[in-house]
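Here are some friendly notes to read alongside the model. Take the points one at a time and look for each one in the structure as you go.

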Amino acid sequence: MDSGIHIVGKSGYRDGFSTFNPATGETLANYQVASVDDVADAVARARLAQLWWSRLPLLRRAAVLRRVAKLLCDAREPLARTITSESGKPLQEALLNDVMVAADAAVFCAGNAASVLRPQHIPHSNPALRFKRSQLSFEPLGVIGIISPWNYPLSIPAADVFAALVTGNGVVLKPSELTPQTALDFEALFNRALDEEALTALPRPFQVVIGLGLTGQALVSSDIDKLIFTGSVATGRRVAVAAANRLLPVVLELGGKDAMVVLDDADLDTASSAAVWGSMMNAGQTCISVERCYVHRSIYSRFLTLCRDKISKLNIGDGSLPGTDLGPLISLAQLQIVKKQVEEARILGATVHIGGEPLPNLGPNFYAPTLITDLDHSMSLMREETFGPVLPVMPFSTDDEAVLFANDSEFGLSASVWGRTATPPPSPVALPQVLSWSMTSSPPLPSAPHRTAASRRAASGAPMAVSACRRWSAPSTSMSISFPG
Ligand code: NDP
């Protein structure tokens, strides 16, 4: 058996690379790396296609997205299998959190783009402009570059692809090197939707370029008009610098260290299930995972018992097998990060209640689901993104202390507060770094703000689908003169 690590050979950096199933180590496929010229060609094709695509009435573009949603639902099983084989996540998660979220986003963009992009009358009261009428309209920007990560290889790029396309843009997507097949299947499915809508003009407005980090760099330096990058803080910083050098507008969707607060009157069975699900789903490799859990001291010990019990029942293994709750981590490198943070916390006095170690008998990328306490905010486990199946729990004594703990982070994606509705929870306003706040943990809604800021210091995002169409458009003002009579 292969080591199960995603290995790129030396020559891979020039011309090709392989993908591996993170659960089994099986080699999945070999790919050619798109060169700088290949990327430039893809951008040029998208630009040419944008000419015919943007001239279609919005209703026709929306019809293509509705067709895409139907094709996604029809092809849900094979798509989910590809996602599971590349990312390791259990099949049911691939189905619900990738395929269905993507279909939902397509339907949402199709149904709401017209109202979001409707031209607006601009009121004014300047007597000098008495006979002038002004209007704000939203024009497509041109070609949008999208660089996406491996953890939600379909739903993350799809939401941006749909919003950019329905607005009338061309799109060039560079997926993670770990999950290229999912992106290629998505591109093929979109092209099929065009065919089925009798839109056979070439080139196509949605292009995918496959490659490594250098291919991503080539996209940042290419002739695109705006970029959305979703990935780690470290790469996001590099992308921001490269984009700034060429004054390219860029949206960054980076990492998180999301807090979950459990108040003293919370339903403990529900809250403990949410904590386990929120921290273990996709083996904890979700930007809005529960990465820190703060529990009122009066219920702390009962909460821990429930979490420990629920974690002990998780079925760990190959995500393609029925009944698997928790798959492997994406790579050995990711496993090393998780291992290092847990070991460091343990050395500093933390208590591991369950898990806390790799599971080499299952494969090199498996890590045991872990419940850990006796922590403080000096530990990297409580400060840095873990991205693994780890639930760190700390007690608090007052709601104010919980808010202080939750806010003690440089990240700011989402948070959740658990309590009975009879007692108002700490206001989301009291969690200033939290840009998306919920009373539950759930798959993302295309209609709700979810993917937002990079970090509280570098918040650059915007709500997902509600205004996503607007961020892929250039607001332009036109003025007309109408004299009375
Ligand atoms: P990375 O930052 O490693 O990679 C993200 C993408 O950038 C990949 O396609 C990668 O290609 C590409 N890339 C790498 N180097 C460069 C470069 N120099 N220039 C341009 N592109 C480059 O992130 P991961 O794929 O590991 O994703 C996990 C991270 O994503 C986590 O931190 C997670 O929190 C974050 N994330 C944030 C979300 C949000 O909405 N805020 C949602 C989901 C994830 P390649 O893979 O080929 O190296």
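Which residue in strand 4 does H121 stand opposite? The answer is Q135.

Before the details, note that this is a predicted model, where local features need pLDDT of at least 70, side-chain atom pairs count only at pLDDT 80 or more, and totals for chains, interfaces and linings use all residues. Residues are numbered from 1 along each chain as its sequence is written.

1. **The sheet.** Strand 3 and strand 4 (residues 132–140) run antiparallel and are joined by three bridges. They belong to an open sheet of three strands, in the order 3-4-17 with antiparallel pairing. Strands pair if DSSP finds at least two bridges between them; strands (E, at least two residues) and helices (H or I, at least four) are DSSP runs, numbered from the N terminus. Strand 3 (120–122) and strand 17 (473–481) are the edge strands, each pairing on one side only. On average, neighbouring strands of this sheet are turned by 30° against each other, direction ignored.

2. **Helix 3 with helix 6.** Helix 3 (residues 76–87) packs against helix 6 (residues 180–196) at an angle of about 160°, with the axes 8 Å apart. Axes are lines fitted to C-alpha atoms, for helices over the stretch in contact, and angles run from 0 to 180 degrees between N-to-C directions. The two helices, helix 3 and helix 6, are therefore roughly antiparallel (an angle over 145 degrees). L79, T82, I83 and E86 in helix 3 meet Q181, T182 and D185 in helix 6, where contact means C-beta atoms, placed from the backbone, within 7 Å.

3. **Helix 3 with helix 4.** The axes of helix 3 and helix 4 (residues 91–116) come within 8 Å and cross at roughly 110°. Helix 3 and helix 4 are therefore roughly perpendicular to each other (65 to 115 degrees). Among the residues of helix 3 that meet helix 4 are R76, A80 and T84.

4. **Around the ligand.** The ligand is surrounded by 31 residues, and the closest are P149, E177, G213, G216 and G231; a residue is near if its C-beta atom, placed from the backbone, lies within 6 Å. Helix 7 gives the largest share of this shell, four residues. Domain 1 (6–254 + 462–476) and domain 2 (259–446) both give residues to the shell, so the ligand lies between them; the domain bounds come from an automatic or database domain assignment.

Notes: Angles under 35 degrees count as roughly parallel, over 145 as roughly antiparallel, 65 to 115 as roughly perpendicular and the rest as oblique. Two residues are in contact if their C-beta atoms, placed from the backbone, lie within 7 Å.
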